[in-house]
Amino acid sequence: MRLLPRFRDRWLLRRIPPASSVRLNQRRIFIMPTSVGLAFMVALLLMLLTAINYQNSLAYGLTFLLGSLYLVTILHTWRNLAGLVLQAGGTTAAFVGEQALLRVRLESRGRAYQAVALGWPASGLRLVDVPAGGTVEVELSLATSRRGWLRPGRVRVESRFPLGLLVAWSWIDLELAALVYPQPSIAERPQGDSAPETEDEGTLARGAGVDDYQGLRAWQPGDPRRRLHWKAYSRGQGLLVKDFASLLGNDPMLDFDGFEGDTEQRLSMLCHWVVELSEKQQPFALRLPAGVLGPDSGESHRDACLRALALHGLDEERGV
(Lines give C-alpha, C1' and ligand atoms only; values in the text may rest on other atoms or scores of the structure.)
Protein backbone atom coordinates (compact mmCIF):
# COMPACT_ATOMS: atom_id res chain seq x y z
CA MET A 1 0.00 0.00 0.00
CA ARG A 2 2.94 2.33 0.59
CA LEU A 3 4.21 1.89 -2.97
CA LEU A 4 1.38 3.96 -4.45
CA PRO A 5 2.09 7.16 -2.43
CA ARG A 6 5.82 6.81 -3.15
CA PHE A 7 5.17 6.38 -6.86
CA ARG A 8 2.82 9.38 -6.81
CA ASP A 9 5.41 11.52 -5.00
CA ARG A 10 8.14 10.60 -7.50
CA TRP A 11 5.80 11.27 -10.41
CA LEU A 12 4.79 14.67 -8.98
CA LEU A 13 8.45 15.51 -8.36
CA ARG A 14 9.19 15.06 -12.05
CA ARG A 15 6.02 16.74 -13.31
CA ILE A 16 5.82 19.62 -10.79
CA PRO A 17 9.29 20.18 -9.25
CA PRO A 18 9.59 22.26 -6.07
CA ALA A 19 9.89 26.02 -6.58
CA SER A 20 9.12 29.16 -4.61
CA SER A 21 6.88 30.35 -7.46
CA VAL A 22 4.70 28.15 -9.68
CA ARG A 23 2.39 29.04 -12.54
CA LEU A 24 -0.36 26.52 -13.20
CA ASN A 25 -0.60 25.26 -16.76
CA GLN A 26 -2.03 22.23 -18.57
CA ARG A 27 0.76 19.95 -17.29
CA ARG A 28 0.13 20.91 -13.67
CA ILE A 29 -3.67 20.82 -13.52
CA PHE A 30 -5.67 17.63 -13.10
CA ILE A 31 -9.46 17.34 -13.37
CA MET A 32 -12.01 14.73 -12.32
CA PRO A 33 -15.76 14.57 -11.69
CA THR A 34 -16.94 15.18 -8.15
CA SER A 35 -19.53 12.96 -6.48
CA VAL A 36 -22.17 15.40 -7.73
CA GLY A 37 -20.67 15.18 -11.22
CA LEU A 38 -20.80 11.37 -11.17
CA ALA A 39 -24.44 11.46 -10.10
CA PHE A 40 -25.10 13.93 -12.91
CA MET A 41 -23.52 11.55 -15.44
CA VAL A 42 -25.62 8.64 -14.15
CA ALA A 43 -28.75 10.77 -14.51
CA LEU A 44 -27.77 11.65 -18.08
CA LEU A 45 -27.30 7.98 -18.90
CA LEU A 46 -30.74 7.12 -17.51
CA MET A 47 -32.29 9.99 -19.47
CA LEU A 48 -30.60 8.76 -22.65
CA LEU A 49 -31.87 5.19 -22.11
CA THR A 50 -35.36 6.55 -21.51
CA ALA A 51 -35.20 8.64 -24.70
CA ILE A 52 -34.02 5.63 -26.72
CA ASN A 53 -36.70 3.37 -25.25
CA TYR A 54 -39.60 5.75 -25.92
CA GLN A 55 -38.09 7.47 -28.99
CA ASN A 56 -38.94 10.81 -27.40
CA SER A 57 -37.35 13.75 -29.18
CA LEU A 58 -37.86 16.06 -26.20
CA ALA A 59 -35.97 13.64 -23.95
CA TYR A 60 -33.20 13.45 -26.57
CA GLY A 61 -32.96 17.24 -26.70
CA LEU A 62 -32.84 17.65 -22.90
CA THR A 63 -30.21 14.91 -22.56
CA PHE A 64 -27.93 16.40 -25.21
CA LEU A 65 -28.40 19.90 -23.79
CA LEU A 66 -27.35 18.81 -20.29
CA GLY A 67 -24.51 16.77 -21.77
CA SER A 68 -23.24 19.85 -23.61
CA LEU A 69 -23.47 21.83 -20.38
CA TYR A 70 -21.29 19.18 -18.70
CA LEU A 71 -18.66 19.43 -21.43
CA VAL A 72 -18.58 23.24 -21.24
CA THR A 73 -18.22 22.99 -17.45
CA ILE A 74 -15.03 20.95 -17.92
CA LEU A 75 -13.44 23.84 -19.80
CA HIS A 76 -14.58 26.51 -17.32
CA THR A 77 -13.44 24.50 -14.29
CA TRP A 78 -10.00 24.00 -15.82
CA ARG A 79 -9.73 27.69 -16.83
CA ASN A 80 -10.43 28.76 -13.25
CA LEU A 81 -6.94 27.50 -12.32
CA ALA A 82 -5.03 27.84 -15.60
CA GLY A 83 -2.52 30.71 -15.51
CA LEU A 84 -2.81 31.28 -11.75
CA VAL A 85 0.57 32.04 -10.12
CA LEU A 86 1.30 30.84 -6.58
CA GLN A 87 4.26 32.20 -4.61
CA ALA A 88 5.66 31.37 -1.20
CA GLY A 89 5.13 34.17 1.29
CA GLY A 90 6.53 34.69 4.75
CA THR A 91 6.11 32.40 7.74
CA THR A 92 5.54 33.03 11.43
CA ALA A 93 7.47 30.94 13.94
CA ALA A 94 5.56 29.17 16.69
CA PHE A 95 6.19 27.28 19.89
CA VAL A 96 5.48 23.54 20.05
CA GLY A 97 1.75 23.04 20.51
CA GLU A 98 0.81 26.28 18.75
CA GLN A 99 -0.31 26.86 15.17
CA ALA A 100 2.48 27.75 12.73
CA LEU A 101 1.42 30.31 10.11
CA LEU A 102 2.54 29.99 6.48
CA ARG A 103 1.52 32.50 3.83
CA VAL A 104 0.96 31.91 0.12
CA ARG A 105 0.37 34.64 -2.48
CA LEU A 106 -2.04 34.00 -5.35
CA GLU A 107 -1.46 36.29 -8.33
CA SER A 108 -3.60 36.83 -11.40
CA ARG A 109 -1.87 38.08 -14.53
CA GLY A 110 -5.09 38.41 -16.49
CA ARG A 111 -8.63 37.28 -15.69
CA ALA A 112 -10.27 36.87 -12.29
CA TYR A 113 -10.30 33.54 -10.46
CA GLN A 114 -13.28 32.61 -8.32
CA ALA A 115 -13.70 30.17 -5.43
CA VAL A 116 -10.11 28.90 -5.40
CA ALA A 117 -9.39 26.61 -2.44
CA LEU A 118 -5.89 26.30 -0.96
CA GLY A 119 -4.39 24.33 1.90
CA TRP A 120 -4.04 20.78 3.22
CA PRO A 121 -7.03 18.42 3.39
CA ALA A 122 -6.16 17.40 6.96
CA SER A 123 -6.37 20.99 8.27
CA GLY A 124 -9.00 22.34 5.86
CA LEU A 125 -8.80 24.44 2.70
CA ARG A 126 -9.14 28.24 2.53
CA LEU A 127 -11.53 29.56 -0.13
CA VAL A 128 -10.54 32.85 -1.84
CA ASP A 129 -11.30 34.92 -4.92
CA VAL A 130 -8.45 36.48 -6.89
CA PRO A 131 -9.36 39.71 -8.74
CA ALA A 132 -8.24 40.27 -12.32
CA GLY A 133 -4.64 41.49 -12.34
CA GLY A 134 -4.56 41.40 -8.53
CA THR A 135 -2.85 39.50 -5.72
CA VAL A 136 -4.31 37.81 -2.65
CA GLU A 137 -2.29 36.52 0.29
CA VAL A 138 -3.66 33.45 2.05
CA GLU A 139 -2.57 32.58 5.59
CA LEU A 140 -2.47 28.85 6.29
CA SER A 141 -2.04 27.29 9.72
CA LEU A 142 -0.64 23.94 10.79
CA ALA A 143 -0.43 22.32 14.21
CA THR A 144 3.08 21.75 15.56
CA SER A 145 4.24 18.75 17.55
CA ARG A 146 8.06 18.98 17.60
CA ARG A 147 10.74 21.65 17.41
CA GLY A 148 12.82 22.38 14.35
CA TRP A 149 11.82 23.21 10.80
CA LEU A 150 8.22 22.43 9.90
CA ARG A 151 8.14 21.56 6.21
CA PRO A 152 4.58 20.64 5.22
CA GLY A 153 5.51 19.70 1.66
CA ARG A 154 3.02 20.00 -1.16
CA VAL A 155 -0.04 22.19 -0.78
CA ARG A 156 -3.28 21.46 -2.61
CA VAL A 157 -4.95 24.10 -4.76
CA GLU A 158 -8.33 23.26 -6.27
CA SER A 159 -11.45 24.72 -7.86
CA ARG A 160 -15.00 23.38 -8.28
CA PHE A 161 -16.22 26.51 -10.01
CA PRO A 162 -18.72 27.06 -11.61
CA LEU A 163 -21.22 24.22 -10.96
CA GLY A 164 -19.36 21.84 -8.66
CA LEU A 165 -19.66 18.99 -11.15
CA LEU A 166 -15.89 18.69 -11.54
CA VAL A 167 -12.85 19.48 -9.46
CA ALA A 168 -9.62 20.78 -10.98
CA TRP A 169 -6.64 20.54 -8.67
CA SER A 170 -2.88 20.54 -8.37
CA TRP A 171 -0.30 19.61 -5.74
CA ILE A 172 2.54 22.15 -5.64
CA ASP A 173 5.64 22.36 -3.47
CA LEU A 174 6.46 26.00 -2.71
CA GLU A 175 9.25 24.96 -0.31
CA LEU A 176 7.33 26.39 2.65
CA ALA A 177 9.08 26.09 6.02
CA ALA A 178 8.29 27.50 9.46
CA LEU A 179 10.55 27.39 12.49
CA VAL A 180 9.11 25.74 15.62
CA TYR A 181 10.58 26.68 19.00
CA PRO A 182 10.58 24.37 22.04
CA GLN A 183 7.54 24.62 24.27
CA PRO A 184 8.37 26.96 27.17
CA SER A 185 8.37 25.13 30.48
CA ILE A 186 8.13 27.07 33.75
CA ALA A 187 10.99 26.04 35.97
CA GLU A 188 13.30 27.58 38.54
CA ARG A 189 16.67 28.87 37.48
CA PRO A 190 19.58 26.49 38.06
CA GLN A 191 21.61 26.78 41.26
CA GLY A 192 25.36 26.30 41.43
CA ASP A 193 26.60 23.35 43.44
CA SER A 194 28.93 25.67 45.38
CA ALA A 195 26.30 28.34 45.99
CA PRO A 196 24.61 27.67 49.34
CA GLU A 197 21.86 30.12 50.18
CA THR A 198 21.53 31.91 53.53
CA GLU A 199 18.30 33.79 54.12
CA ASP A 200 17.81 37.11 55.79
CA GLU A 201 14.94 39.61 55.83
CA GLY A 202 14.49 40.34 52.16
CA THR A 203 18.10 39.48 51.13
CA LEU A 204 19.83 36.43 49.85
CA ALA A 205 23.57 35.76 50.04
CA ARG A 206 24.94 34.01 46.97
CA GLY A 207 28.16 32.36 45.91
CA ALA A 208 30.14 32.13 42.65
CA GLY A 209 27.94 34.81 41.06
CA VAL A 210 25.23 32.30 40.17
CA ASP A 211 21.91 33.92 41.22
CA ASP A 212 21.07 37.53 42.03
CA TYR A 213 18.10 38.36 44.26
CA GLN A 214 15.65 40.60 42.41
CA GLY A 215 12.80 41.01 44.94
CA LEU A 216 9.48 39.45 45.82
CA ARG A 217 6.63 38.61 43.50
CA ALA A 218 3.28 36.83 43.77
CA TRP A 219 3.37 33.04 43.81
CA GLN A 220 2.41 31.27 40.55
CA PRO A 221 1.74 27.58 39.91
CA GLY A 222 5.04 25.87 39.16
CA ASP A 223 7.17 28.06 41.45
CA PRO A 224 9.48 25.99 43.72
CA ARG A 225 8.36 25.68 47.34
CA ARG A 226 11.83 26.43 48.69
CA ARG A 227 11.62 29.97 47.29
CA LEU A 228 8.44 30.83 49.21
CA HIS A 229 8.92 33.77 51.54
CA TRP A 230 7.44 32.31 54.73
CA LYS A 231 8.07 35.40 56.84
CA ALA A 232 5.85 37.47 54.54
CA TYR A 233 3.21 34.73 54.66
CA SER A 234 3.28 34.70 58.47
CA ARG A 235 2.66 38.47 58.44
CA GLY A 236 -0.48 37.92 56.35
CA GLN A 237 0.98 39.29 53.11
CA GLY A 238 -0.02 36.21 51.11
CA LEU A 239 2.14 33.74 49.22
CA LEU A 240 5.22 35.50 47.82
CA VAL A 241 8.30 34.00 46.22
CA LYS A 242 11.84 35.31 45.91
CA ASP A 243 12.76 36.25 42.33
CA PHE A 244 16.31 35.70 41.09
CA ALA A 245 18.39 36.34 37.99
CA SER A 246 21.52 34.40 37.11
CA LEU A 247 24.59 36.49 36.43
CA LEU A 248 27.46 36.53 33.99
CA GLY A 249 29.25 39.59 35.25
CA ASN A 250 26.22 41.89 35.46
CA ASP A 251 24.09 39.98 32.93
CA PRO A 252 22.17 36.69 33.40
CA MET A 253 23.69 33.55 31.94
CA LEU A 254 21.38 30.75 30.80
CA ASP A 255 23.52 27.62 30.80
CA PHE A 256 22.32 24.40 29.17
CA ASP A 257 24.46 22.33 31.57
CA GLY A 258 22.99 24.15 34.58
CA PHE A 259 19.53 22.63 34.15
CA GLU A 260 18.38 19.14 35.06
CA GLY A 261 16.45 16.73 32.86
CA ASP A 262 16.82 15.38 29.35
CA THR A 263 17.68 17.51 26.34
CA GLU A 264 14.09 18.48 25.49
CA GLN A 265 13.30 19.42 29.10
CA ARG A 266 16.38 21.61 29.32
CA LEU A 267 15.58 23.32 26.03
CA SER A 268 12.02 23.98 27.21
CA MET A 269 13.29 25.55 30.45
CA LEU A 270 15.83 27.66 28.58
CA CYS A 271 13.11 28.75 26.16
CA HIS A 272 10.96 29.92 29.05
CA TRP A 273 13.75 32.06 30.47
CA VAL A 274 14.71 33.49 27.08
CA VAL A 275 11.13 34.71 26.65
CA GLU A 276 10.91 35.89 30.26
CA LEU A 277 14.11 37.95 30.20
CA SER A 278 13.36 39.32 26.75
CA GLU A 279 9.99 40.61 27.93
CA LYS A 280 11.81 42.41 30.76
CA GLN A 281 14.28 43.82 28.19
CA GLN A 282 17.12 42.50 30.32
CA PRO A 283 20.42 41.59 28.62
CA PHE A 284 21.37 37.93 28.99
CA ALA A 285 23.62 35.27 27.50
CA LEU A 286 22.74 31.75 26.36
CA ARG A 287 25.27 28.94 26.61
CA LEU A 288 24.68 25.78 24.60
CA PRO A 289 27.10 22.95 23.82
CA ALA A 290 27.54 24.51 20.37
CA GLY A 291 28.58 27.91 21.73
CA VAL A 292 27.54 31.08 23.54
CA LEU A 293 25.16 33.79 22.36
CA GLY A 294 25.40 37.22 23.97
CA PRO A 295 25.19 38.76 26.39
CA ASP A 296 22.79 41.01 24.50
CA SER A 297 19.17 42.13 24.45
CA GLY A 298 16.47 43.06 21.98
CA GLU A 299 14.26 41.22 19.54
CA SER A 300 17.09 40.08 17.28
CA HIS A 301 18.93 38.49 20.22
CA ARG A 302 15.72 36.83 21.38
CA ASP A 303 15.08 35.40 17.91
CA ALA A 304 18.68 34.18 17.59
CA CYS A 305 18.46 32.39 20.96
CA LEU A 306 15.10 30.81 20.18
CA ARG A 307 16.40 29.69 16.80
CA ALA A 308 19.45 28.10 18.43
CA LEU A 309 17.19 26.28 20.90
CA ALA A 310 14.85 25.11 18.12
CA LEU A 311 17.66 23.67 16.00
CA HIS A 312 19.91 22.37 18.77
CA GLY A 313 21.21 18.90 17.94
CA LEU A 314 19.22 18.58 14.70
CA ASP A 315 20.65 17.67 11.32
CA GLU A 316 18.87 20.71 9.86
CA GLU A 317 20.65 23.10 12.23
CA ARG A 318 22.08 25.01 9.29
CA GLY A 319 18.55 26.04 8.34
CA VAL A 320 16.99 26.22 4.91
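What share of the contacts in the protein with a separation of 6 or more comes from residues 24 or more positions apart? In this predicted model, such residues account for 62% of the contacts in that class.

**Overall make-up**

The secondary structure of the protein consists of 6 helices and 19 strands, and of its 320 residues 41% are buried. The accessible surface amounts to about 17800 Å², and carbon and sulfur atoms contribute 55% of that area.

Strand β6 spans residues 113-120, and because 6 of its 8 residues are buried, the strand is largely enclosed by the rest of the structure. Buried here refers to a relative accessible area under 20%.

Two pairings of β6 can be set side by side, one with strand β7 and one with strand β10, as the table shows.

| Partner of β6 | Residues of partner | Sense | Bridges |
|---|---|---|---|
| strand β7 | residues 124-130 | antiparallel | 6 bridges |
| strand β10 | residues 155-159 | antiparallel | 4 bridges |

Towards β10, the residue L118 stands opposite V157, and the two strands concerned, β6 and β10, are paired in the antiparallel sense.

Methods:
Residues are numbered from 1 along each chain as its sequence is written. This is a predicted model: local features need pLDDT of at least 70, side-chain atom pairs count only at pLDDT 80 or more; totals for chains, interfaces and linings use all residues. Side-chain values use heavy atoms; hydrogens and water are left out. Buried means under 20% relative accessible area, exposed over 50%, partly exposed in between (1.4 Å probe, protein chains only). Contact means heavy atoms within 4.5 Å. Accessible areas come from the Shrake-Rupley method with a 1.4 Å probe; for residues, only the protein chains shown count as cover. Two strands pair if DSSP finds at least two bridges between them.
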